[in-house]
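Subject: Handing over the structure

Hello,

Here is the structure I promised to pass on to you. Please open it next to this email, and take your time with it.

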Amino acid sequence: MKIAVLPGDGIGPEIVAQAVNVLEILSRDGLKVELEYGEIGGAGYDAAGDPYPQSTARLAKDADAVLLGAVGGYRYDTLPRPMRPEQGLLRIRKDLNLFANLRPAVLYPELSSASSLKPEVVSGLDIMILRELTGDIYFGQPRGHRRTAEGEREGYDTMLYSESEIARIAHVAFKTALRRDKKLCSVDKANVLETSVLWREVVMEVAKEYPEVDLSHMYVDNAAMQLVRNPKQFDVILTGNMFGDILSDEASMLTGSIGMLPSASLDEKGKGLYEPIHGSAPDIAGQDIANPIATILSVAMMMRHTFDREDEAKRIEDAVRRALADGFRTADIHQEGMKKVGTKEMGDAVAARL
Ligand code: NAD
(Lines give C-alpha, C1' and ligand atoms only; values in the text may rest on other atoms or scores of the structure.)
Protein backbone atom coordinates (compact mmCIF):
# COMPACT_ATOMS: atom_id res chain seq x y z
CA MET A 1 0.00 0.00 0.00
CA LYS A 2 1.83 3.03 -1.30
CA ILE A 3 0.36 6.07 0.39
CA ALA A 4 1.28 9.69 -0.32
CA VAL A 5 0.83 11.76 2.84
CA LEU A 6 0.14 15.47 2.27
CA PRO A 7 -0.49 17.17 5.65
CA GLY A 8 -0.96 20.68 4.16
CA ASP A 9 -1.64 23.72 6.34
CA GLY A 10 -3.19 24.83 9.62
CA ILE A 11 -4.37 21.87 11.68
CA GLY A 12 -3.45 19.55 8.74
CA PRO A 13 -0.13 18.31 10.21
CA GLU A 14 -1.64 17.72 13.68
CA ILE A 15 -4.62 15.67 12.51
CA VAL A 16 -2.67 13.77 9.84
CA ALA A 17 -0.15 12.70 12.50
CA GLN A 18 -2.97 10.91 14.33
CA ALA A 19 -4.15 9.20 11.12
CA VAL A 20 -0.59 8.11 10.36
CA ASN A 21 -0.43 6.64 13.85
CA VAL A 22 -3.40 4.44 12.89
CA LEU A 23 -1.66 3.38 9.66
CA GLU A 24 1.45 2.49 11.64
CA ILE A 25 -0.55 0.26 13.96
CA LEU A 26 -2.06 -1.54 10.94
CA SER A 27 1.44 -1.88 9.54
CA ARG A 28 2.69 -3.38 12.82
CA ASP A 29 -0.18 -5.87 12.53
CA GLY A 30 1.07 -7.04 9.14
CA LEU A 31 -0.20 -4.67 6.43
CA LYS A 32 2.52 -3.58 4.02
CA VAL A 33 2.18 0.18 4.30
CA GLU A 34 4.66 2.53 2.65
CA LEU A 35 4.33 6.24 3.46
CA GLU A 36 5.89 9.11 1.56
CA TYR A 37 5.40 12.77 2.52
CA GLY A 38 4.86 15.76 0.26
CA GLU A 39 3.73 19.38 0.40
CA ILE A 40 0.49 20.87 -0.84
CA GLY A 41 -1.39 24.16 -0.46
CA GLY A 42 0.37 26.90 1.48
CA ALA A 43 3.05 24.39 2.50
CA GLY A 44 3.70 23.74 -1.20
CA TYR A 45 3.92 27.46 -1.87
CA ASP A 46 6.39 27.90 1.00
CA ALA A 47 8.55 24.96 -0.11
CA ALA A 48 8.48 25.35 -3.89
CA GLY A 49 6.54 28.51 -4.79
CA ASP A 50 3.61 26.40 -6.03
CA PRO A 51 0.53 25.07 -4.16
CA TYR A 52 0.87 21.81 -6.12
CA PRO A 53 4.62 21.33 -6.67
CA GLN A 54 5.85 18.93 -9.33
CA SER A 55 7.43 16.70 -6.71
CA THR A 56 4.01 16.34 -5.04
CA ALA A 57 2.32 15.62 -8.37
CA ARG A 58 4.85 12.86 -9.03
CA LEU A 59 4.40 11.41 -5.55
CA ALA A 60 0.60 11.45 -5.85
CA LYS A 61 0.68 9.79 -9.28
CA ASP A 62 2.99 7.02 -8.06
CA ALA A 63 0.92 6.29 -4.96
CA ASP A 64 -2.09 3.95 -4.66
CA ALA A 65 -3.82 6.44 -2.39
CA VAL A 66 -3.33 9.94 -1.04
CA LEU A 67 -4.01 11.02 2.54
CA LEU A 68 -4.53 14.78 2.75
CA GLY A 69 -4.98 17.05 5.77
CA ALA A 70 -6.30 20.44 4.71
CA VAL A 71 -5.06 23.54 2.92
CA GLY A 72 -5.40 27.27 3.46
CA GLY A 73 -4.31 29.99 5.83
CA TYR A 74 -4.60 33.74 6.43
CA ARG A 75 -1.02 34.28 5.25
CA TYR A 76 -1.88 33.14 1.74
CA ASP A 77 -5.13 35.08 1.29
CA THR A 78 -3.48 37.93 -0.58
CA LEU A 79 -1.57 35.79 -3.11
CA PRO A 80 -2.65 35.88 -6.77
CA ARG A 81 -5.30 33.22 -7.43
CA PRO A 82 -3.05 30.57 -9.11
CA MET A 83 -0.76 30.59 -6.06
CA ARG A 84 -3.53 30.22 -3.45
CA PRO A 85 -3.59 27.00 -1.39
CA GLU A 86 -7.06 25.97 -2.68
CA GLN A 87 -5.60 25.72 -6.20
CA GLY A 88 -3.46 22.84 -4.93
CA LEU A 89 -6.62 20.91 -4.09
CA LEU A 90 -8.36 21.64 -7.38
CA ARG A 91 -5.24 20.69 -9.32
CA ILE A 92 -4.59 17.39 -7.56
CA ARG A 93 -8.23 16.33 -8.05
CA LYS A 94 -8.03 17.15 -11.75
CA ASP A 95 -4.55 15.69 -12.18
CA LEU A 96 -5.61 12.33 -10.71
CA ASN A 97 -8.96 12.39 -12.54
CA LEU A 98 -10.92 11.95 -9.33
CA PHE A 99 -14.51 12.02 -10.57
CA ALA A 100 -16.35 10.27 -7.74
CA ASN A 101 -16.68 12.04 -4.41
CA LEU A 102 -17.99 9.96 -1.53
CA ARG A 103 -19.16 11.82 1.54
CA PRO A 104 -20.71 9.84 4.34
CA ALA A 105 -22.87 11.58 6.92
CA VAL A 106 -22.81 9.37 9.99
CA LEU A 107 -24.09 10.38 13.39
CA TYR A 108 -22.92 8.26 16.29
CA PRO A 109 -25.71 7.83 18.84
CA GLU A 110 -23.36 9.27 21.51
CA LEU A 111 -23.27 12.58 19.60
CA SER A 112 -26.93 12.89 18.66
CA SER A 113 -27.36 16.04 20.74
CA ALA A 114 -24.66 17.79 18.65
CA SER A 115 -27.06 18.05 15.71
CA SER A 116 -29.35 21.03 15.30
CA LEU A 117 -32.17 18.57 14.50
CA LYS A 118 -34.08 16.58 17.13
CA PRO A 119 -32.08 13.56 18.36
CA GLU A 120 -34.83 11.11 17.28
CA VAL A 121 -34.64 12.45 13.69
CA VAL A 122 -30.88 11.98 13.34
CA SER A 123 -29.68 9.44 15.93
CA GLY A 124 -28.00 6.55 14.15
CA LEU A 125 -28.01 8.40 10.80
CA ASP A 126 -25.79 6.72 8.21
CA ILE A 127 -26.04 8.00 4.65
CA MET A 128 -23.57 8.19 1.81
CA ILE A 129 -23.64 10.99 -0.72
CA LEU A 130 -22.01 10.28 -4.02
CA ARG A 131 -21.27 13.46 -5.94
CA GLU A 132 -19.89 13.62 -9.48
CA LEU A 133 -16.85 15.86 -9.25
CA THR A 134 -15.42 16.68 -12.67
CA GLY A 135 -18.38 17.68 -14.87
CA ASP A 136 -21.63 19.66 -14.78
CA ILE A 137 -22.15 23.41 -14.78
CA TYR A 138 -18.84 23.97 -12.92
CA PHE A 139 -16.84 22.91 -15.98
CA GLY A 140 -19.27 23.10 -18.95
CA GLN A 141 -18.36 25.37 -21.88
CA PRO A 142 -19.19 27.98 -23.01
CA ARG A 143 -19.22 30.16 -19.94
CA GLY A 144 -18.47 33.79 -19.38
CA HIS A 145 -19.73 37.33 -19.39
CA ARG A 146 -21.00 39.20 -22.44
CA ARG A 147 -23.10 42.16 -23.49
CA THR A 148 -26.51 41.86 -25.10
CA ALA A 149 -27.37 43.82 -28.24
CA GLU A 150 -28.90 46.43 -25.92
CA GLY A 151 -25.60 46.73 -24.02
CA GLU A 152 -26.74 44.98 -20.82
CA ARG A 153 -24.23 42.67 -19.11
CA GLU A 154 -25.04 38.92 -18.97
CA GLY A 155 -23.35 36.06 -17.16
CA TYR A 156 -23.81 32.47 -18.39
CA ASP A 157 -22.70 28.90 -17.65
CA THR A 158 -23.40 25.61 -19.36
CA MET A 159 -24.78 22.59 -17.54
CA LEU A 160 -23.49 19.58 -19.43
CA TYR A 161 -23.09 15.84 -18.83
CA SER A 162 -22.15 13.18 -21.36
CA GLU A 163 -23.64 9.71 -21.25
CA SER A 164 -20.28 8.16 -20.31
CA GLU A 165 -19.74 10.61 -17.45
CA ILE A 166 -23.14 9.75 -15.99
CA ALA A 167 -22.69 6.01 -16.48
CA ARG A 168 -19.30 5.84 -14.73
CA ILE A 169 -20.51 7.65 -11.60
CA ALA A 170 -23.72 5.59 -11.63
CA HIS A 171 -21.67 2.38 -11.58
CA VAL A 172 -19.76 3.61 -8.52
CA ALA A 173 -23.08 4.48 -6.86
CA PHE A 174 -24.67 1.08 -7.49
CA LYS A 175 -21.52 -0.71 -6.27
CA THR A 176 -21.51 1.47 -3.15
CA ALA A 177 -25.17 0.62 -2.51
CA LEU A 178 -24.40 -3.09 -2.89
CA ARG A 179 -21.96 -2.82 0.04
CA ARG A 180 -24.61 -1.10 2.17
CA ASP A 181 -28.41 -1.34 2.46
CA LYS A 182 -28.86 -1.66 -1.34
CA LYS A 183 -30.98 1.48 -1.62
CA LEU A 184 -29.99 4.17 -4.11
CA CYS A 185 -31.74 7.51 -4.62
CA SER A 186 -30.68 9.46 -7.71
CA VAL A 187 -31.24 13.19 -7.33
CA ASP A 188 -31.86 15.45 -10.34
CA LYS A 189 -34.12 18.19 -11.66
CA ALA A 190 -35.60 16.26 -14.58
CA ASN A 191 -38.84 18.26 -14.46
CA VAL A 192 -36.94 21.34 -15.68
CA LEU A 193 -33.44 20.49 -16.97
CA GLU A 194 -32.52 18.59 -20.17
CA THR A 195 -29.23 17.50 -18.55
CA SER A 196 -31.26 15.86 -15.80
CA VAL A 197 -33.54 14.06 -18.28
CA LEU A 198 -30.45 12.37 -19.76
CA TRP A 199 -29.04 11.79 -16.25
CA ARG A 200 -32.20 9.91 -15.25
CA GLU A 201 -32.29 7.86 -18.48
CA VAL A 202 -28.67 6.74 -18.14
CA VAL A 203 -29.02 5.91 -14.43
CA MET A 204 -32.03 3.72 -15.29
CA GLU A 205 -30.05 1.95 -18.03
CA VAL A 206 -27.13 1.26 -15.67
CA ALA A 207 -29.63 0.02 -13.04
CA LYS A 208 -30.38 -3.03 -15.22
CA GLU A 209 -26.95 -4.39 -14.28
CA TYR A 210 -27.76 -4.12 -10.57
CA PRO A 211 -31.15 -5.75 -10.05
CA GLU A 212 -30.48 -6.21 -6.31
CA VAL A 213 -30.38 -2.44 -5.76
CA ASP A 214 -33.63 -0.64 -5.06
CA LEU A 215 -33.40 2.55 -7.21
CA SER A 216 -35.53 5.65 -6.71
CA HIS A 217 -35.42 9.20 -8.14
CA MET A 218 -36.03 12.50 -6.41
CA TYR A 219 -36.02 16.14 -7.52
CA VAL A 220 -33.27 18.13 -5.85
CA ASP A 221 -35.60 20.61 -4.14
CA ASN A 222 -37.51 17.75 -2.55
CA ALA A 223 -34.22 16.03 -1.59
CA ALA A 224 -33.06 19.18 0.22
CA MET A 225 -36.33 19.14 2.16
CA GLN A 226 -36.33 15.39 2.87
CA LEU A 227 -32.76 15.60 4.23
CA VAL A 228 -33.96 17.72 7.14
CA ARG A 229 -37.44 16.19 7.42
CA ASN A 230 -36.54 12.51 7.53
CA PRO A 231 -32.87 11.92 6.63
CA LYS A 232 -32.90 8.29 7.77
CA GLN A 233 -35.01 7.35 4.70
CA PHE A 234 -31.77 7.55 2.63
CA ASP A 235 -29.00 5.02 2.20
CA VAL A 236 -26.96 6.15 -0.85
CA ILE A 237 -27.69 9.39 -2.70
CA LEU A 238 -26.27 9.82 -6.22
CA THR A 239 -26.14 13.27 -7.78
CA GLY A 240 -24.28 15.64 -10.08
CA ASN A 241 -21.58 18.13 -9.19
CA MET A 242 -23.62 21.23 -8.28
CA PHE A 243 -26.54 19.50 -6.54
CA GLY A 244 -24.00 17.30 -4.70
CA ASP A 245 -22.00 20.30 -3.59
CA ILE A 246 -25.04 21.72 -1.83
CA LEU A 247 -26.65 18.52 -0.56
CA SER A 248 -23.42 17.08 0.86
CA ASP A 249 -22.84 20.21 2.94
CA GLU A 250 -26.43 20.11 4.12
CA ALA A 251 -26.09 16.43 5.05
CA SER A 252 -22.82 16.98 6.88
CA MET A 253 -24.43 19.52 9.16
CA LEU A 254 -27.10 16.99 10.18
CA THR A 255 -24.33 15.39 12.20
CA GLY A 256 -23.35 18.51 14.12
CA SER A 257 -19.58 18.52 13.85
CA ILE A 258 -17.49 18.83 10.72
CA GLY A 259 -14.59 17.46 12.76
CA MET A 260 -16.11 13.98 12.46
CA LEU A 261 -16.63 13.52 8.71
CA PRO A 262 -14.21 11.94 6.22
CA SER A 263 -14.40 11.93 2.42
CA ALA A 264 -13.01 10.03 -0.54
CA SER A 265 -12.49 11.11 -4.13
CA LEU A 266 -11.90 8.20 -6.49
CA ASP A 267 -10.71 7.65 -10.04
CA GLU A 268 -11.88 4.92 -12.41
CA LYS A 269 -9.50 2.31 -10.95
CA GLY A 270 -10.29 2.96 -7.30
CA LYS A 271 -7.23 5.07 -6.59
CA GLY A 272 -8.32 7.73 -4.16
CA LEU A 273 -7.66 10.94 -2.32
CA TYR A 274 -8.84 10.75 1.29
CA GLU A 275 -9.37 13.84 3.41
CA PRO A 276 -11.56 15.27 6.15
CA ILE A 277 -14.37 17.47 4.83
CA HIS A 278 -13.32 20.42 6.99
CA GLY A 279 -10.71 23.02 6.17
CA SER A 280 -7.41 23.96 7.80
CA ALA A 281 -9.08 25.72 10.78
CA PRO A 282 -6.33 28.36 11.13
CA ASP A 283 -8.18 29.73 14.18
CA ILE A 284 -7.22 26.67 16.23
CA ALA A 285 -4.03 25.51 14.46
CA GLY A 286 -1.05 24.52 16.60
CA GLN A 287 -3.06 24.32 19.82
CA ASP A 288 -3.59 20.55 20.02
CA ILE A 289 -7.39 20.99 20.21
CA ALA A 290 -8.56 20.00 16.68
CA ASN A 291 -10.63 16.86 16.29
CA PRO A 292 -8.56 14.22 14.42
CA ILE A 293 -11.48 11.78 13.93
CA ALA A 294 -12.47 12.92 10.41
CA THR A 295 -8.91 12.25 9.26
CA ILE A 296 -8.69 8.92 11.07
CA LEU A 297 -12.00 7.88 9.47
CA SER A 298 -10.55 8.91 6.10
CA VAL A 299 -8.03 6.10 6.59
CA ALA A 300 -10.95 3.70 7.18
CA MET A 301 -12.46 4.84 3.86
CA MET A 302 -9.08 4.33 2.19
CA MET A 303 -8.94 0.74 3.47
CA ARG A 304 -12.46 0.09 2.15
CA HIS A 305 -12.45 1.86 -1.20
CA THR A 306 -8.88 1.66 -2.50
CA PHE A 307 -7.50 -1.43 -0.78
CA ASP A 308 -10.68 -3.48 -0.46
CA ARG A 309 -9.91 -4.17 3.20
CA GLU A 310 -13.33 -4.08 4.80
CA ASP A 311 -11.99 -5.71 7.98
CA GLU A 312 -9.45 -2.96 8.62
CA ALA A 313 -12.02 -0.27 7.75
CA LYS A 314 -14.44 -1.71 10.31
CA ARG A 315 -11.67 -2.07 12.90
CA ILE A 316 -10.84 1.64 12.63
CA GLU A 317 -14.50 2.71 12.71
CA ASP A 318 -15.12 0.48 15.68
CA ALA A 319 -12.12 1.94 17.56
CA VAL A 320 -13.52 5.46 16.98
CA ARG A 321 -16.97 4.37 18.15
CA ARG A 322 -15.54 2.88 21.34
CA ALA A 323 -13.42 5.95 22.12
CA LEU A 324 -16.62 8.03 21.88
CA ALA A 325 -18.59 5.52 23.93
CA ASP A 326 -15.86 5.70 26.58
CA GLY A 327 -16.47 9.44 26.85
CA PHE A 328 -13.47 10.93 25.01
CA ARG A 329 -14.37 14.26 23.36
CA THR A 330 -12.39 17.01 21.68
CA ALA A 331 -13.60 20.57 22.33
CA ASP A 332 -15.82 20.75 19.20
CA ILE A 333 -17.99 17.82 20.35
CA HIS A 334 -17.58 18.17 24.08
CA GLN A 335 -20.62 17.89 26.39
CA GLU A 336 -21.05 18.05 30.16
CA GLY A 337 -19.78 14.98 31.96
CA MET A 338 -17.48 13.83 29.14
CA LYS A 339 -13.69 13.63 29.17
CA LYS A 340 -12.31 16.65 27.30
CA VAL A 341 -9.11 15.77 25.43
CA GLY A 342 -6.78 17.32 22.86
CA THR A 343 -5.88 16.16 19.35
CA LYS A 344 -3.10 13.82 20.41
CA GLU A 345 -4.98 12.35 23.35
CA MET A 346 -8.00 11.64 21.13
CA GLY A 347 -5.69 9.99 18.58
CA ASP A 348 -4.15 7.91 21.37
CA ALA A 349 -7.59 6.90 22.67
CA VAL A 350 -8.53 5.58 19.22
CA ALA A 351 -5.12 3.94 18.76
CA ALA A 352 -5.40 2.15 22.12
CA ARG A 353 -8.79 0.71 21.11
CA LEU A 354 -7.46 -0.30 17.71
P1 NAD B 1 -12.79 25.31 8.34
O2 NAD B 1 -13.44 24.04 8.04
O3 NAD B 1 -11.30 25.32 8.33
O4 NAD B 1 -13.25 25.83 9.78
C5 NAD B 1 -14.61 26.15 10.11
C6 NAD B 1 -14.79 26.10 11.62
O7 NAD B 1 -14.77 24.74 12.06
C8 NAD B 1 -13.66 26.81 12.39
O9 NAD B 1 -14.20 27.41 13.52
C10 NAD B 1 -12.75 25.68 12.80
O11 NAD B 1 -12.03 25.92 13.99
C12 NAD B 1 -13.73 24.52 12.98
N13 NAD B 1 -13.09 23.22 12.66
C14 NAD B 1 -12.76 22.77 11.43
N15 NAD B 1 -12.17 21.56 11.52
C16 NAD B 1 -12.15 21.24 12.82
C17 NAD B 1 -11.66 20.12 13.55
N18 NAD B 1 -11.07 19.06 12.96
N19 NAD B 1 -11.78 20.12 14.89
C20 NAD B 1 -12.38 21.15 15.54
N21 NAD B 1 -12.87 22.24 14.90
C22 NAD B 1 -12.74 22.29 13.56
O23 NAD B 1 -13.37 26.37 7.31
P24 NAD B 1 -13.00 27.92 7.10
O25 NAD B 1 -12.70 28.55 8.41
O26 NAD B 1 -14.05 28.45 6.24
O27 NAD B 1 -11.67 27.90 6.24
C28 NAD B 1 -10.36 27.95 6.78
C29 NAD B 1 -9.35 27.69 5.67
O30 NAD B 1 -9.53 26.36 5.19
C31 NAD B 1 -9.53 28.60 4.46
O32 NAD B 1 -8.26 28.95 3.98
C33 NAD B 1 -10.28 27.73 3.48
O34 NAD B 1 -10.05 28.11 2.15
C35 NAD B 1 -9.70 26.39 3.77
N36 NAD B 1 -10.57 25.23 3.42
C37 NAD B 1 -9.91 24.13 3.02
C38 NAD B 1 -10.62 22.98 2.76
C39 NAD B 1 -9.84 21.74 2.39
O40 NAD B 1 -8.64 21.72 2.56
N41 NAD B 1 -10.50 20.71 1.91
C42 NAD B 1 -12.01 22.95 2.91
C43 NAD B 1 -12.66 24.10 3.36
C44 NAD B 1 -11.91 25.24 3.62
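Below is what was found in it, from the whole chain down to single residues.

A word on the basis before we start. This is a predicted model, in which local features need pLDDT of at least 70 and side-chain atom pairs count only at pLDDT 80 or more, while totals for chains, interfaces and linings use all residues. Residues are numbered from 1 along each chain as its sequence is written, and side-chain values use heavy atoms, with hydrogens and water left out.

**The whole chain**

The chain holds 12 helices and 14 strands; these are DSSP runs numbered from the N terminus, helices being H or I with at least four residues and strands being E with at least two. A compact globule of 354 residues would have a radius of gyration near 20 Å, and the chain agrees, with 20 Å. That radius is taken over C-alpha atoms, and the globule rule is 2.2 Å times the number of residues to the power 0.38. Along the principal axes, the C-alpha atoms fill a box of roughly 65 × 50 × 40 Å.

Buried residues make up 54% of the 354; buried means under 20% relative accessible area, exposed means over 50%, and partly exposed is in between, with a 1.4 Å probe and protein chains only. Of the contacts with a separation of 6 or more, 74% join residues 24 or more positions apart, where contact means heavy atoms within 4.5 Å.

Two packed helices are described by the angle between their axes and the distance between the axes. The axes here are lines fitted to C-alpha atoms, for helices over the stretch in contact, and the angles run from 0 to 180 degrees between N-to-C directions. Angles under 35 degrees count as roughly parallel, over 145 as roughly antiparallel, 65 to 115 as roughly perpendicular and the rest as oblique. A crossing is right-handed if the near helix is turned clockwise from the far one by less than a right angle, and left-handed if anticlockwise.

Take α1 and α10 to begin with: their axes come within 8 Å and cross at roughly 40 degrees. That makes α1 oblique to α10, and the crossing is right-handed. In α1, I15, V16, Q18, A19, V22, L23 and L26 meet T295, I296, V299 and M303 of α10. These residues divide into 9 nonpolar, 2 polar and no charged. Ala, Val, Leu, Ile, Met, Phe, Trp, Tyr, Cys and Pro count as nonpolar, Asp, Glu, Lys and Arg as charged, and the others, Gly among them, as polar.

Next come α6 (residues 163–179) and α7 (residues 194–207), with axes within 9 Å that cross at roughly 50 degrees. They are therefore oblique to each other, and this crossing is right-handed. Among the residues that meet are I166 and F174 in α6 and W199 and V202 in α7. The contact of α6 with α7 has 11 nonpolar, 1 polar and 2 charged residues.

For α11 (residues 310–325) and α12 (residues 343–353), the axes come within 8 Å and cross at roughly 120 degrees. The crossing of α11 and α12 is right-handed. A319, V320, R322, A323 and L324 of α11 make the contact with M346, A349, V350 and R353 of α12. By class, that contact has 7 nonpolar, no polar and 2 charged residues.

The buried residues of α12, including M346 and V350, pack against α1, α10, α11 and β13 (328–329).

**A few places in the loops**

Most residues other than glycine have a negative phi, and most peptide bonds are trans. N97 lies in the loop between α4 and β4 (100–106), and D288 in the loop between β12 and α10. At 37% relative accessibility, N97 counts as partly exposed.

The peptide bond from Q141 to P142 is cis, with omega near 0 degrees. P142 sits in the loop between β5 (126–132) and β6 (144–147).

Finally, G10 is in the loop between β1 and α1 (12–28) and touches G72, S280 and A285, leaving aside residues up to four places away in sequence.

Best wishes
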